[in-house]
Amino acid sequence: MSLILFACVVRVRDGLPLSASTDFYHSQDFLECRRRLKTLALRLAQYPGRASLFPCPAAMAFCFLETLWWEFTASYDTTCVGLASRPYAFLEFDNVIQKVKWHFNYVSSTQMDSSLGKIQEELKFQPPVVLTLEDTDVANGVMNGHTLMHLEPAPSFRMEPVTALGILSLILNIMCAALNLIRGIHLAEHSLQVAHEEIGNILAFLIPFVACIFQCYLYLFYSPARTMKVVLMLLFICLGNVYLHGLRNLWQILFHIGVAFLSSHQILTRQLQDKQSDCGV
C-alpha cells in the first residue's frame, strides 16, 4: 500500500493552493482529509515550519515534503508565486509531485538513508508541532470559537534603487508630459471656437501626456506585464508625435520620441530586488 496518497503546495501567507497531485480517491476518509487540508491551509502562517496531525513515520513524511519544497522553489521564483491570484496556478508541477511521490512510495528507505538521517537529526532537536482535529474544524465560519477572518495582504515588491540616469529620464518625461498637456489644453480652448477637425490634434497631445505619466509610474513601481505596458506607452507616444508633424518640427518630435525610448529602457532595466529563495510555500 502506498504511504503517500496526496500532496498539495499552498502559499503560506493566505493559504492559496498553488499545485496539487491530481490523484483522487472516493473514500470518505480521503475526502475528509482534503476538507481539513483546505481549512488548515488558511492558518499556516500561525504555525512553525513543521507540524503533523496524525501519528506517521515523521522522518519519511517530512523528507518527502522537503524534497517537494526544494523542487518547487527551484522551478518557480518568489515573484511568480507572490503574483499568483488564482488557485492551482502551477498545476503543471503535478508531474514533479508524481515523480517524487513514486520515489518515496516504491524506493526502499535504505536508498534514502542520508536524507532520512538528516531529517531525523533535525526532528530530535526541533520536534514537529502536533495538531489536533479541533485545529482544523470550521463550522459556519467559526473556528475554535473565533470568527474566521481571511485577510490577504497585498504582495509588496521592492524595486532596485533609482539610478541617476533613471532620475534624468523621470525629469525629461515629466517635462514632455507638461509640454503635451499645455499644448493640448491651449489647442482645445481655440478649437472649440474654430473647427472640429482639431480634435485629432488635441488627442495627439493628450494621449502622449497620459503615456508619459504612466511611464513614470512604471519606472517607480512594479507592475505585472510590465514589458507589454512599456511597449504600448512607447507606441502611443511615437504615433502621437508623428501625427503632430506640422505642429512640431522634426527636432521636437525626435526629442519627445528619444525621451520615450530612454524612459522605456530605464523601466525595463530596473528590476526587482533579489529576495531569499524561500517562496513562502
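Modeller: Below, each label is set against its definition.

This is a predicted model, where local features need pLDDT of at least 70, side-chain atom pairs count only at pLDDT 80 or more, and totals for chains, interfaces and linings use all residues. Residues are numbered from 1 along each chain as its sequence is written, and side-chain values use heavy atoms, with hydrogens and water left out.

Colleague: Why is Ser21 called buried?

Modeller: Buried means under 20% relative accessible area, exposed over 50%, and partly exposed in between (1.4 Å probe, protein chains only). Ser21 has 4% relative accessibility, so Ser21 counts as buried. Ser21 sits in the loop between β2 (17-20) and α1 (28-41). Helices (H or I, at least four residues) and strands (E, at least two) are DSSP runs, numbered from the N terminus.

Colleague: Which residues does Ser21 touch?

Modeller: Leaving out residues up to four places away in sequence, Ser21 touches Leu5, Phe6, Ala7, Asp94, Ile97 and Gln98. Contact here means heavy atoms within 4.5 Å.

Colleague: What makes Asp14 and Arg11 a salt bridge?

Modeller: The term requires a side-chain nitrogen of Lys or Arg within 4 Å of a carboxyl oxygen of Asp or Glu. For Asp14 and Arg11 the N to O distance is 2.7 Å, so the pair meets the definition. Asp14 and Arg11 are both buried, Asp14 at 4% relative accessibility.

Colleague: How many salt bridges does a search of the whole structure find?

Modeller: The search finds 4. Another one joins Asp14 and Arg13, at 3.7 Å from N to O. Arg13 counts as partly exposed because its relative accessibility is 28%. Glu32 is partly exposed at 27% relative accessibility, and Arg35 is partly exposed at 34%. Elsewhere, Arg11, Arg13 and Asp14 belong to one network, joined by salt bridges that share partners.

Colleague: Where do Glu32 and Arg35 lie relative to each other?

Modeller: Both are in helix α1, 3 residues apart, or about one turn of the helix. An α-helix has 3.6 residues a turn, so residues three or four places apart point the same way.

Colleague: How do you know that the span of helix α9 agrees with its number of residues?

Modeller: The expected span of a helix is 1.5 Å times one less than its number of residues. Helix α9 (residues 250-269) has 20 residues and should span 28 Å; its end C-alpha atoms are 29 Å apart, so the two agree. Its buried residues include Ile253, His256 and Ile257.

Colleague: What does UniProt list for "transmembrane region"?

Modeller: The unreviewed entry lists residues 162-182, 202-220 and 227-244. UniProt positions are given in the numbering used here, feature names are shortened, and annotations may be inferred rather than shown by experiment. In the model, residues 162-182 are 90% helix and 0% strand, with end C-alpha atoms 28 Å apart. Residues 227-244 are 94% helix and 0% strand, with end C-alpha atoms 26 Å apart.
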